[in-house]
Amino acid sequence: MSATNRQIRLAARPVGEVDPEDWEHCAGPVDEPGPGRFAGRTRAISLDPAMRGWLDDRPSYLPPVGIGEVMRAGSVIEVTASDHPDFQPGDHVVGTFGVQEYVVSDGRGAMKIDTSLAPPSTYLGALGMPGMTAYFGLLDVGALKDGETVVVSGAAGAVGTIAGQIAKAKGCRVVGIAGGPEKCAMLTDELGFDAAIDYRADDVRKALRRHAPDGIDVYFDNVGGDILDAALTRLAMHARVVVCGAISQYNNDTPVKGPSNYLSLLVRRARMEGFVVFDYADRYAQAARDIAAWIADGRIKVKEHIVQGSVDDFPETLQMLFRGENVGKLVLELV
Ligand SMILES: NC(=O)c1ccc[n+]([C@@H]2O[C@H](COP(=O)([O-])OP(=O)(O)OC[C@H]3O[C@@H](n4cnc5c(N)ncnc54)[C@H](OP(=O)(O)O)[C@@H]3O)[C@@H](O)[C@H]2O)c1
C-alpha cells in the first residue's frame with residue numbers, strides 16, 4: 001500500500017465552467033478498516049454531468065458537496081482488507097466512494113460485482129446508474145410502446161446510447177441527436193439508430209421534420225435548451241417528454257433557459273415529466289438483468305470511453321463531458 005491517499009476535494013464553488021483552481025489535490029492518510037468495515041483501492045471512477053450540479057450550493061435531490069470535502073463520485077474499488085462479513089479481500093465493489101485512491105466503508109450503499117461477467121467500467125455504465133437511467137426513463141417515465149417514434153438527445157453518451165438501443169430493442173423508430181459527424185455515424189452504423197442529427201451542423205427542427213414525419217411519441221431529453229425547444233415543436237398526440245437532464249444548461253451563470261414552445265404540450269395533449277434514477281433503486285436488479293440479456297444477445301452494444309490515469313486527472317477528465325469529447329460512458333481508470 002502506498003503511504004498516502006491521493007484525493008480530490010472541492011476548494012471553491014465554481015461560477016460557470018469549473019476551473020482547475022476550484023479543486024484541491026490532497027494527500028491524506030491511508031486508513032485501516034476498523035470493526036465492521038472494509039478497505040479498498042479505487043480501480044475506476046465514474047464521470048457524470050450531475051457532478052456539476054453537486055458543486056452548487058442550492059437545493060437538489062442530493063446535498064451539495066461541501067467546501068473541503070472529497071468530491072462525490074461513483075466508483076469501483078477492490079477490497080484490500082476487511083472486518084465486514086459480506087466483503088472479502090479481492091472482491092470488487094461498486095459504491096459512492098468519492099474521488100480518492102483508497103477507501104474505507106461500512107458497506108452501506110455498496111454492492112459486490114462480478115468482474116468475470118463484465119469489466120468494472122460497465123458496472124459504472126450500462127449495468128450501472130446510466131443504464132438504470134435509460135431503462136426507467138424510457139420504459140417507466142416515457143411509457144414507451146412498441147413501434148413508437150423515439151428521439152434521444154445526448155444520444156452518443158452513456159445514457160443516450162443505452163436509451164436509443166433499448167428503444168430499438170422494443171421495435172421503435174429511433175432518432176438520435178449528437179454533436180459531430182463521427183458520433184452520428186456511430187449511432188446509425190454501429191448502434192442501429194434509424195437516423196442521427198448533428199446538432200452542431202444541422203437545423204434540428206428541420207431535421208426532426210424529415211426524420212420524424214409523423215411526430216415524436218417519446219422525446220428522451222438529456223440536454224435541454226434549444227434542442228428541447230426544437231423537439232417540442234414536433235410532438236405527436238399524447239407524446240411524453242422525459243426530462244432526464246439538461247447538460248447544455250449546467251455551466252450557465254445565467255438562469256436556465258426554459259422552453260418557449262411548451263404550449264405544444266397543450267395542443268398535443270402531451271406530458272413532460274422529470275425523474276431521478278435513485279427512486280427506482282428497488283428495481284435495479286430487474287433492469288440490470290434485462291440490460292445484461294440485451295448485451296448478451298447483441299441488441300445492446302456497450303460504448304465506453306476509458307481514460308487511464310490517476311485521481312489527479314479527475315478535473316480535466318470531467319471537463320470532457322461538457323466539451324463533448326466522450327463517446328459512451330466516460331470512466332477514469334486508475335493505473
Ligand atoms: N435523471 C437522472 O436520474 C439522471 C441520471 C443520470 C444522468 N442524467 C442526465 O443524463 C444526461 C446524460 O448523462 P450521461 O452521463 O449519459 O453523459 P454523456 O451523455 O455521456 O456525456 C455528456 C454529453 O453531453 C453532450 N453535451 C455537452 N454539452 C452539450 C451542449 N451544450 N448541448 C448539447 N449536448 C451537449 C456531449 O455530447 P455531444 O458531443 O453530443 O454534444 C457530451 O458527450 C445528463 O444531462 C445527466 O445529467 C440524469
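**Aromatic pairs and salt bridges in a predicted model**

Y280 counts as buried at 16% relative accessibility, where buried means under 20% relative accessible area, exposed over 50% and partly exposed in between, with a 1.4 Å probe and protein chains only. The model is predicted, so local features need pLDDT of at least 70 and side-chain atom pairs count only at pLDDT 80 or more, while totals for chains, interfaces and linings use all residues. Residues are numbered from 1 along each chain as its sequence is written, and side-chain values use heavy atoms, with hydrogens and water left out.

A search of the whole structure gives seven aromatic pairs. Rings of Phe, Tyr and Trp (its six-membered ring) pair if their centres lie within 6.5 Å; planes under 30 degrees apart count as stacked, over 60 as edge-to-face and the rest as tilted. In the pair of W23 and F314, the ring centres are 5.4 Å apart and the planes stand at 85°, so this pair is edge-to-face. W23 belongs to strand β2 (residues 23-29) and F314 to helix α10 (residues 314-323), so the pair ties together parts 291 residues apart in sequence. Helices (H or I, at least four residues) and strands (E, at least two) are DSSP runs, numbered from the N terminus. Both W23 and F314 are buried.

The rings of F136 and Y280 have centres 4.7 Å apart and planes at 15°, so they are stacked. This pair links distant parts of the chain, with F136 in helix α3 (residues 129-141) and Y280 in the loop between β13 (271-274) and α9 (284-296), 144 residues apart. F136 is buried, its relative accessible area being 1%. Ring pairs also join Y135, F136, F275, Y280 and W294 into a cluster.

The whole structure holds 19 salt bridges, each a side-chain nitrogen of Lys or Arg within 4 Å of a carboxyl oxygen of Asp or Glu. One of them connects D312 and R6, whose closest N and O atoms are 2.9 Å apart. D312 lies in the loop between β14 (304-309) and α10, and R6 in strand β1 (residues 4-10), so parts 306 residues apart in sequence are tied together. D312 is partly exposed at 27% relative accessibility, and R6 is partly exposed with a relative accessible area of 27%.

A salt bridge also forms between D140 and R283, with the closest N and O atoms 2.8 Å apart. D140 lies in helix α3 and R283 in the loop between β13 and α9, so this pair ties together parts 143 residues apart in sequence.
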